[in-house]
Amino acid sequence: MAYPDLRSFLADLGDDLLHVRDEFDPKFEIAAVLRSLPADAPAALFENVRGYPGARVAGNLFGGRRRVARAFGTTEERLAQTWLDNKQRAIPPVAAKSIPVQEVVHRAPDELLPLLPILTHHEKDGAPFITTGVVLCTDPVTGRRGMGIHRMMIKGGNRLGILLANPPLSQFHANAEAKGEALDVAIALGLEPATLLASVVRSGPLGPDKMAVAGGLRGDPVELARALTVNVEVPARAEIVIEGRILPGVREPEGPFGENTGYYFSNVSPVVEVTSVTHRDNFIYPGLCPWSGDVDTLLSLAAGTELLGQLQTMVAGVVDLDLTGGTAGFSAAIAVRNCPRHEVRRLVMLALNLDKRLKTVTVVDDDVNIRDPREVAWAMATRYLPERDTVIIGGAEGYVIDPSSAGSSVGSKAGFVATRGAGPEFDRVTLPAAALAKAQALLATLRN
Ligand SMILES: Cc1cc2nc3c(=O)[nH]c(=O)nc-3n(C[C@H](O)[C@H](O)[C@H](O)COP(=O)(O)O)c2cc1C
């Protein structure tokens, strides 16, 4: 189902949206709620944000696969396949007929914080950070569009620190710098689910236009409009757009910031000089607490499902893949059916090499629930022999936010083959179906 914008998605959630009417502070308090929500909790809309009368903050939009499946009009079981099918049909963006995101325009704002309830998440964070800003720009060399989520630190005045750890944006910025030019950017905040998810799809240097991917995921083109002060197209129905330029040759300390790894991370990063902020009437600011279930779902779809699709075209018998929650996409479990051990080893090496951020992968048979850490640990404990079943790849690129490879750009990777043999020693315990059904019926009455 194509939601035109974030507010129509929220309106459709009904009981699956928690309206928080008590006052909450954007400094720590909203992040604490987002961090504390249990798996599969409703999305949350904070309607009384301290210091920001009339402003609303939304969060936990993707907590749990159930809500994402709903956003794509499918079921949890069919989510991966629906995603892969829809992604195939690229639908290019179109020019917007109306531009709600420019209903209110602040030209050359002196300060960002008084305008937007940007959250401070963790105790040692150096400042409030924007965590769901989809940064849009075009390559000054090829004209290709790029977009991705990049964290941004509020530095005071009209300046933002931006972490550009990944292409294509890091490359576009390098290309602009090589010409001595600033890079025009627009930062879209508060997008409907498909466009936000498309923004973090791993695309590679020759990848598709992510706006067309978003259109395919939605089944409807994204409507774009020209930004007011920079040469970038922006989603016309975003809640907020920050326009600005990444300055050439400028690097400043940025952080500390409690990252998706669960650790603080500081960097020396480029700086955005903001030229304008536009937003809808009664805008909704999107919150995303790092190292939360929200992040797990984003990564699991945009990176995990992508990798699953690639691997299925290369190795027969790949059934499912899950990026393990809480690992910032560094660990994955893969389920296979009838896949010989030598093929599993090839699969391990492919997975670790295709996704540069993936550091460990565990392959199990598809009788194991890869979304249940107890089951994966059980397969490791009973089907894996360290000397026989470990694949190590040395000299790999380390990922900048991974504390274990801090101070060095070189990391290493490992794969664990935890598939069973065919012998009677792997005869998994069972219970009669009728007895299990009776037990389920009892549990259902206890839950009600
Ligand atoms: C929640 C989240 C936060 C991210 N933060 C950053 C960031 O601060 N800096 C960065 O370079 N990449 C960040 N990324 C990754 C980029 O958005 C990602 O590399 C890019 O969109 C992937 O597209 P690509 O294959 O075209 O590089 C983040 C991804 C997610 C899901």
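A residue counts as near a molecule if one of its heavy atoms lies within 4 Å of it. By this criterion, 22 residues surround the ligand, and the closest are Ile 149, Arg 151, Ala 165, Pro 167 and Ser 203. The model is predicted: local features need pLDDT of at least 70, side-chain atom pairs count only at pLDDT 80 or more, and totals for chains, interfaces and linings use all residues. Residues are numbered from 1 along each chain as its sequence is written, and side-chain values use heavy atoms, with hydrogens and water left out.

The shell around the ligand divides into 11 nonpolar, seven polar and four charged residues; here Ala, Val, Leu, Ile, Met, Phe, Trp, Tyr, Cys and Pro count as nonpolar, Asp, Glu, Lys and Arg as charged, and the others, Gly among them, as polar. Strand 8 (residues 145-149) gives the most to this shell, with three residues. Strands (E, at least two residues) and helices (H or I, at least four) are DSSP runs, numbered from the N terminus.

Individual atom pairs can be listed next. A polar backbone atom of Arg 151 is 2.7 Å from an oxygen atom of the ligand. For Asn 166, a polar side-chain atom lies 2.9 Å from a nitrogen atom of the ligand. A backbone N or O atom of Ser 199 is 3.1 Å from an oxygen atom of the ligand. The protein buries 93% of the 630 Å² that the ligand exposes when taken alone (Shrake-Rupley method, 1.4 Å probe).

Conventions:
Polar contact = N/O pair within 3.5 Å; in protein donor to acceptor, adjacent residues only side chain to side chain.
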